[in-house]
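I opened this notebook to record a few look-ups in one structure. The entries below keep the order in which I took up the topics.

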Amino acid sequence: MRRKLAAGNWKMNGTSAALAELKALAEANATAAVDILICPPATLLHRAAEVAGDSAVSVGGQDCHSATSGAHTGDLSVDMLKDAGAESVILGHSERRTDHGEGDAVVLAKAESAIAAGLTAVVCLGESLEQREAGETLDVIGAQLQGSVPDGCTGETLVVAYEPIWAIGTGKVPTLEQIGEVHAFLRGRLVERFGEENGSAVRLLYGGSVKPANASDIFAVEDVDGALVGGASLKAADFAPIIAALSDS
Ligand code: PGA
């Protein structure tokens with residue numbers, strides 16, 4: 001049985017004042033029926049980990065470098081993230097792939113580094129609108145999964161987030177059938193690659209305009225084990241009903 005995961009990606013949002021939202025979330029979730037992860041900007045990570053304390057909320061990074069140290073101005077190594085309190089790291093988000101030209105090989109190297117350090121790699125995959133309309137979705141997702149996820153993954157080391165690029169921050173959401181099709185496809189590929197036990201244990205998140213209003217329907221889809229949430233994770237009052245919907249699913 002996979003434990004469900006509600007993950008929040010704060011992106012480039014939040015200064016010290018935003019820690020009050022995390023505090024509210026941690027206080028409301030001293031224990032929880034699902035895993036809860038918040039990935040704040042790196043500047044808040046250390047304090048966020050302290051605020052989350054031993055509640056059901058854990059914290060993670062939004063990116064890392066593949067090298068463990070060295071001359072990489074502005075970058076963060078997995079050891080730095082861990083030292084700041086991270087247990088997971090989001091990798092290959094479409095905004096990284098687009099804004100920083102990260103291809104599958106770069107994401108793969110980062111994921112290998114994260115897993116070697118004991119972090120859970122939350123690897124993001126997703127098609128553009130053009131690719132969906134051209135009927136290429138499963139080909140694109142399959143290639144990204146093959147290219148950016150390391151060999152030998154387990155349910156402990158890997159989480160995969162399906163995030164159609166056209167659904168991120170747009171208010172547009174795929175149909176439940178479309179989400180189900182991609183998640184079933186991903187499950188099949190994971191089992192093929194990592195074997196029945198490990199492939200079945202990897203959590204599959206849906207991401208892209210998840211809101212309190214659509215969360216329950218999305219969580220009812222087979223093989224959706226949770227969500228990666230951007231905008232609606234910034235406020236505890238918005239994220240709480242999403243966590244509740246996941247707990248009830
Ligand atoms: P959104 O972002 O929930 O604001 O659409 C999702 C994501 O990019 O992870």
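The entries that follow cover the ligand site, the cysteines and several single residues.

**Entry 1. Ligand surroundings**

I noted at the outset that this is a predicted model. I then asked which residues are closest to the ligand. The ligand is surrounded by 13 residues, and the closest are Lys-11, His-93, Glu-163, Gly-169 and Ser-209.

A side-chain N or O atom of Lys-11 is 2.7 Å from an oxygen atom of the ligand. For Gly-169, a polar backbone atom is 2.7 Å from a ligand oxygen. At Ser-209, too, a polar backbone atom is involved, at 2.8 Å from an oxygen atom of the ligand. The ligand taken alone exposes 280 Å², of which the protein buries 96%.

I returned to Lys-11 for its backbone. Lys-11 lies in the loop between S1 and helix H1 (19-28), and its phi is near 55 degrees, a positive value in a residue other than glycine. Lys-11 counts as partly exposed because its relative accessibility is 21%, and the cut-off for buried is under 20%.

Asp-223 is not a glycine, yet its phi is positive, at about 70 degrees. I located Asp-223 in the loop between H9 and strand S8 (226-229). With a relative accessible area of 15%, Asp-223 is buried.

**Entry 2. Asn-214**

I placed Asn-214 in helix H9 (residues 212-219). Is Asn-214 buried or exposed? I classed Asn-214 as buried because its relative accessibility is 17%. Beyond its neighbours within four places in sequence, Asn-214 is in contact with Val-173 and Ser-209. Ser-209 is also among the residues closest to the ligand.

**Entry 3. Cysteines**

How many disulfides does a search of the whole structure find? I found 0. Cys-39 is buried, at 0% relative accessibility.

I also checked Cys-153, which is in no disulfide; the nearest cysteine sulfur belongs to Cys-64 and is 14 Å away. Cys-153 counts as buried at 1% relative accessibility.

**Entry 4. Gln-144**

I found Gln-144 in helix H7 (residues 137-148). Its relative accessible area is 11%, so Gln-144 is buried. Not counting residues up to four places away in sequence, I listed Arg-97, Asp-104, Leu-125, Gly-126 and Val-149 as the residues that Gln-144 touches.

**Entry 5. Arg-3**

I located Arg-3 in the segment before strand S1 (5-9). Arg-3 counts as partly exposed, at 39% relative accessibility. Leaving aside neighbours within four places in sequence, I recorded contacts of Arg-3 with Ala-32, Ala-33, Val-34, Asp-35 and Arg-203.

I then looked at the polar atoms of the Arg-3 side chain. This side chain reaches the backbone oxygen of Ala-33 at 3.4 Å. A polar atom of the Arg-3 side chain also lies 3.4 Å from the backbone oxygen of Val-34. Finally, I noted that 23 Å separates the C-alpha atoms of Arg-3 and Ala-48, which are 45 residues apart along the chain.

Definitions and conventions: Residues numbered from 1 in each chain as written. Predicted model: local features only at pLDDT ≥ 70, side-chain atom pairs only at ≥ 80, totals over all residues. Heavy atoms only, no water. Helix = DSSP H or I, 4+ residues; strand = E, 2+ residues; numbered from the N terminus. Buried < 20%, exposed > 50% of the residue type's maximum accessible area, 1.4 Å probe, protein only. Contact = heavy atoms within 4.5 Å. Near = heavy atom within 4 Å. Polar contact = N/O pair within 3.5 Å; in protein donor to acceptor, adjacent residues only side chain to side chain. Areas by Shrake-Rupley, 256 points an atom, 1.4 Å probe, with all protein chains shown as cover. Disulfide = S-S within 2.5 Å.
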